[in-house]
Amino acid sequence: MNYMVVEPRFLWLLLLAPLPFLAPTLRRASFPTLDAVPKDLPSSLLSFAIKAAAAVAIIAAVIALARPYRLAQSVKLLATGAHVVIVIDRSLSMDFTLNDDETASNAESKIKMAVRLLKDFVARTEHDEFGVVAFSTAPVFVLPITGHHAAVQAALTAMLQPGIPGTNVGLGLELALRMIARDPHATSPAILFVSDGEYGGAGFFSVDMQESLRTAFRKENTHLYWLFLRPHKGNEDILAAPPPGQEDTPNTKPERHIDLFFKSLGITYRIFWADSPRAIQDAVAEINHLETRPVTYFEQIPRKDVTKLAYAIAAFACLLLVAAKLLETGFARAPQVERWTASS
Amino acid sequence: MTNATATISYRPRQRAEGVVIGAHRGRGTGGPGVFLDHVSYLHQPDPRRIDLRLTLRDPFETIYVRRYEQRLAIALYAIVDLSRSMRFEGTARKMALVGELCVCLARSAHELGDAFGLIGCDARVCDDFLFPARRDRGLESEVARRFASFVPERANADGLADAAAYLGGKRKLVFLISDFRMPLAKVEAVLQSLARHDVVPIVVSDSAEETALPSLGLIDVRDLETGRHRVVFMRPALRRRWLAQAAEWRRSLAQLFQSYGRPPFELSDRLDAYELSRHLLET
């Protein structure tokens with residue numbers, strides 16, 4: 001209960017609050033003796049209620065004069081959703097279309113399509129929080145995990161800048177994991193890894209990197225989704241084991257070995273092989289559906305003026321008092337008695 | 001006949017004692033009056049009242065003398081409760097009503113040649129409200145003046161029990177005027193102190209405090225005697241309860257008075273001299 005007042009100089013008037021209990025609230029009617037008046041519980045309660053209403057009227061009016069307001073606060077709420085860190089591959093290959101056609105100007109590039117669909121994904125979720133990391137040769141810290149969707153949308157728009165050659169998946173993931181580790185509220189984290197592969201044999205992890213990623217993934221219990229933007233070429237399965245005789249190393253088949261590495265982490269992991277805009281859309285919808293873990297999020301409630309409420313309470317109490325006054329009566333008095341009293 | 005000239009007829013229960021010739025049947029004999037009996041001349045040697053017929057008729061030749069009842073004057077006293085509860089003003093002002101009654105009693109006593117006295121009591125007997133019984137005409141206006149300038153100030157009427165000391169030894173007709181807003185035990189103590197006198201209790205009441213109660217509303221009732229107050233939410237159910245309680249109190253008060261001689265007279269709202277006379281002659 002964080003309430004403050006704008007003008008505290010009126011608050012000393014609160015000293016008037018016990019007044020109704022000291023001074024008569026109703027016109028008194030003289031009677032020879034109280035012994036003849038029956039004892040009555042409703043009357044006593046009503047008597048107290050009238051005094052209390054008068055006190056409330058004074059208190060509420062004084063507080064209203066002081067113009068109270070509730071402090072801005074953030075309320076912790078629980079909803080279903082996730083804390084998703086979007087890790088986007090900003091390598092040069094992402095500026096190509098799905099069919100690796102660099103020059104077809106009327107087709108949408110992979111990054112444009114991915115950003116458009118991700119923005120749509122962000123717009124559809126209400127309580128999810130997002131962080132954004134871009135990576136090429138080095139990771140770029142774009143946006144920490146936040147519930148401000150406008151900021152997320154802007155960060156995703158910024159991803160449309162032209163790409164840089166080079167792809168360093170390990171550093172990008174590491175930055176995303178640190179981002180999760182640094183955010184105490186990220187209770188149900190997930191990493192959405194948007195990449196098209198095309199690492200050219202250069203991008204795979206060193207042994208140290210593998211170890212640190214493995215530890216970090218297990219520690220944060222992070223879900224991992226790989227949105228793999230790569231068209232199927234014929235019936236070649238880039239993730240499957242090569243035919244016998246061909247070399248099966250991270251250098252020759254980096255996508256297959258990254259996939260194997262992710263599978264070996266022992267976390268919730270899925271790969272969505274998206275080879276068309278429609279497939280990406282389905283993948284995003286699937287991720288949205290999967291990430292329904294409980295999350296706590298904080299809702300900011302701005303400072304609020306409650307003067308009107310105080311006035312309303314005071315008015316209501318006054319209304320009760322007016323009703324009591326209207327009900328007020330006395331013992332019958334003859335007109336000539338009134339005259340005598342007035343003249344004497 | 002207005003109350004300015006109205007008189008109240010009253011009659012003491014027993015024959016009067018005393019020496020002042022007046023209007024009431026006395027205990028002694030003598031003088032002109034209603035025939036009482038015959039006694040022998042030896043018993044009352046008064047030759048003026050020899051009854052010749054009876055004397056001549058009597059074979060034993062006794063001389064008879066007629067005796068007549070002596071008419072005597074009595075003394076009236078009004079013992080008045082001057083406690084603060086008598087300040088109640090409703091249909092009438094109680095103190096004005098009591099003043100009117102006392103003036104009327106003084107006038108009536110004067111017309112019959114009786115003495116009238118007034119003893120005002122609040123917490124004790126008020127020295128400045130004490131009129132020993134007198135026969136003179138000026139008493140009536142003196143009493144009226146005293147009442148006109150008087151406002152009750154004290155909280156209780158305990159002095160009523162001390163008033164008997166001011167009445168003297170002979171049996172008197174005493175009007176005990178109060179609203180009797182006190183415990184019954186106190187009323188009984190007062191009646192006991194006045195036991196040798198002929199007490200006429202007069203209950204001063206007002207329809208505003210008895211029957212004309214409002215049936216709905218809030219009243220902040222202030223006790224005239226103690227100054228305490230209490231809010232009462234009047235409604236038909238409570239009004240019924242209140243009236244029942246008042247009737248119960250009235251009944252027990254009447255019962256008490258009855259056991260000490262006379263039922264009470266209700267002086268309510270206005271003084272009706274005729275009604276009071278009838279009450280006095282009937283009981």
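This is a predicted model: local features need pLDDT of at least 70, side-chain atom pairs count only at pLDDT 80 or more; totals for chains, interfaces and linings use all residues.
Local features here need pLDDT of at least 70 and side-chain atom pairs count only at pLDDT 80 or more, while totals for chains, interfaces and linings use all residues. Residues are numbered from 1 along each chain as its sequence is written, chains are lettered from A and ligands numbered from 1 in the order in which they are written, and side-chain values use heavy atoms, with hydrogens and water left out.

**View 1. Where chain B meets chain A.** Chain B brings 36 residues to the contact and chain A brings 34, contact meaning heavy atoms within 4.5 Å. About 3400 Å² is buried between the two chains, with carbon and sulfur atoms giving 61% of that; buried area is the accessible area (1.4 Å probe) that two parts lose on being put together, summed over both. Look for Leu218(B), Asp220(B) and Arg230(B): this trio supplies 20% of the area that chain B buries against chain A, more than any other three residues.

View 2. Arg333(A) makes a salt bridge with Glu89(B), and their closest N and O atoms sit 3.6 Å apart.

**View 3. Strand S9 of chain B against strand S2 of chain A.** S2 (residues 28–31) of chain A and S9(B) pair in the parallel sense over four bridges. Strands (E, at least two residues) are DSSP runs, numbered from the N terminus, and two of them pair if DSSP finds at least two bridges between them.

View 4. Asp128(A) is buried, with a relative accessible area of 4%, where buried means under 20% (1.4 Å probe, protein chains only). Not counting residues up to four places away in sequence, Asp128(A) touches Thr80(A), Gly81(A), Ala82(A), His149(A) and Asn288(A). A polar atom of the Asp128(A) side chain lies 2.7 Å from the backbone nitrogen of Ala82(A).

Methods: A salt bridge is a side-chain nitrogen of Lys or Arg within 4 Å of a carboxyl oxygen of Asp or Glu. Buried means under 20% relative accessible area, exposed over 50%, partly exposed in between (1.4 Å probe, protein chains only). A polar contact is a pair of N or O atoms within 3.5 Å; within protein, one must be able to donate a hydrogen and the other to accept it, and residues adjacent in sequence count only if both atoms are side-chain atoms.
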